[in-house]
Amino acid sequence: MLRFLVRRVTGALVILLIISAVTFWLFYAVPRDPAMMSCGKNCTPENLAQIRKNLGIDHPIPVQYWYWLKGVFVGRDYSGFGHCDAPCFGYSFANNVPVFDTIKDRLPTTLALALGSAVVFLIFGIGAGMLAALKQGRFLDKFASSASLLGSSLQIYFVGYIAMFIFVAKLGWLDQPQDSASLFQDPVSWFSGLLLPWLVLAIIFTANYTRMTRSQMVEQLSEDYVRTARAKGLSRANVFFRFAWRGAMGPIVTLFGIDLGTLIGGAIITESTFSLHGVGRLAVQSVDQSDLPMLLGVTVLAAGAIVFANIIVDAVYALIDPRIRLA
């Protein structure tokens, strides 16, 4: 297991290095000059050269990337801002603040949104799928399949506005979504401010997990080892939860690893719909402002979340299914 994890982490670092290099080139090879955008109307060649030096873009792109990569691990000195401690992703072109500090301030909201919605859609999605498989061909199975089909066709920006209009504006059952409260200082306000985004974001994923769980459970219940366990006299509940459930979890864990990495990387639509100040909304604002360092930092964060989430998924496989051996 240790050798497997070391090899996968090493491969993940190589992948992130390639992603950062390609992304850096794509972002910084654009014809628009960030220094020209910041120089103003009465821009002189001397001012333009000084701004390029302050921003760290007065070198060829390969040299810029080397300085950026070096700053991530050991820090970097900027003539216009001073020393930037590691991990240094540069300074924002829009407001001249460290990229890493801004992402660090926004990340708790995205983590809370991702993990909270994950708890909701895992409980309801897997639960509904297991009940549908247990009641295969009956009303509950047909209802769960129809509801999941409807849920997967919905869009977050549509459901979000409808949910706020009904449950916040009209009925007053839920609070206006907000992320200003702290989990440790005011947990009640924190929970009530994120409850509606959790539920709305979980709708789409619940539908996917319901269908995935049902199909995997139905397949596992028809396997020979399940029929053998039933022939030996084990109860239906024991066979269902002890054997079939564990066999069905492999693809579900894979799907969860991909979804969780994507959510942590930035729930752009959800954060924009509910005006939450997370990494996803930060990415949208960076695009509007052509803030290349901030975009690069968010992109590397999203890629890292997806890559390392898949490493964790691979490691969990051996715990769920003893037939899998990691080498």
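**Figure 1. Around F121 in the predicted model.** Beyond the residues up to four places away in sequence, F121 touches I126, A202, F205, T206, Y209, F256 and L263, where contact means heavy atoms within 4.5 Å. A word on the model before we go on: it is predicted, with local features requiring pLDDT of at least 70 and side-chain atom pairs counted only at pLDDT 80 or more, while totals for chains, interfaces and linings use all residues. Residues are numbered from 1 along each chain as its sequence is written, and side-chain values use heavy atoms, leaving out hydrogens and water.

**Figure 2. The largest nonpolar core.** Here we meet F121 again, listed with L196, V200 and M217 as the residues with the most contacts inside this core of 42 residues. A nonpolar core is a set of buried Ala, Val, Leu, Ile, Met, Phe, Trp, Tyr and Cys residues joined through side-chain atoms within 4.5 Å; buried means under 20% relative accessible area, exposed over 50%, and partly exposed in between (1.4 Å probe, protein chains only). At least two core residues come from each of α5 (99-134), α7 (156-170), α8 (187-221), α9 (224-231) and α10 (236-265). Helix α8 gives the largest share, 11 residues. Helices (H or I, at least four residues) and strands (E, at least two) are DSSP runs, numbered from the N terminus.

Figure 3. Which residues of α3 (residues 45-55) are buried? They are L48, I51, N54 and L55. Looking down the helix axis, the buried residues of α3 fall within an arc of 125°, so they line one face of the helix; the arc is that of the directions from the helix axis to the C-beta atoms. P45 and E46, on the other side of α3, are exposed. After the helix comes G56, with a positive phi near 80°.

**Figure 4. S79 in its loop.** S79 sits in the loop between β1 (76-78) and β2 (82-84). With a relative accessible area of 48%, S79 is partly exposed. Setting aside neighbours within four places in sequence, S79 is in contact with K53 and N54; N54 is one of the buried residues of α3. From S79 to C43 is 36 residues in sequence and 20 Å in space, C-alpha to C-alpha.
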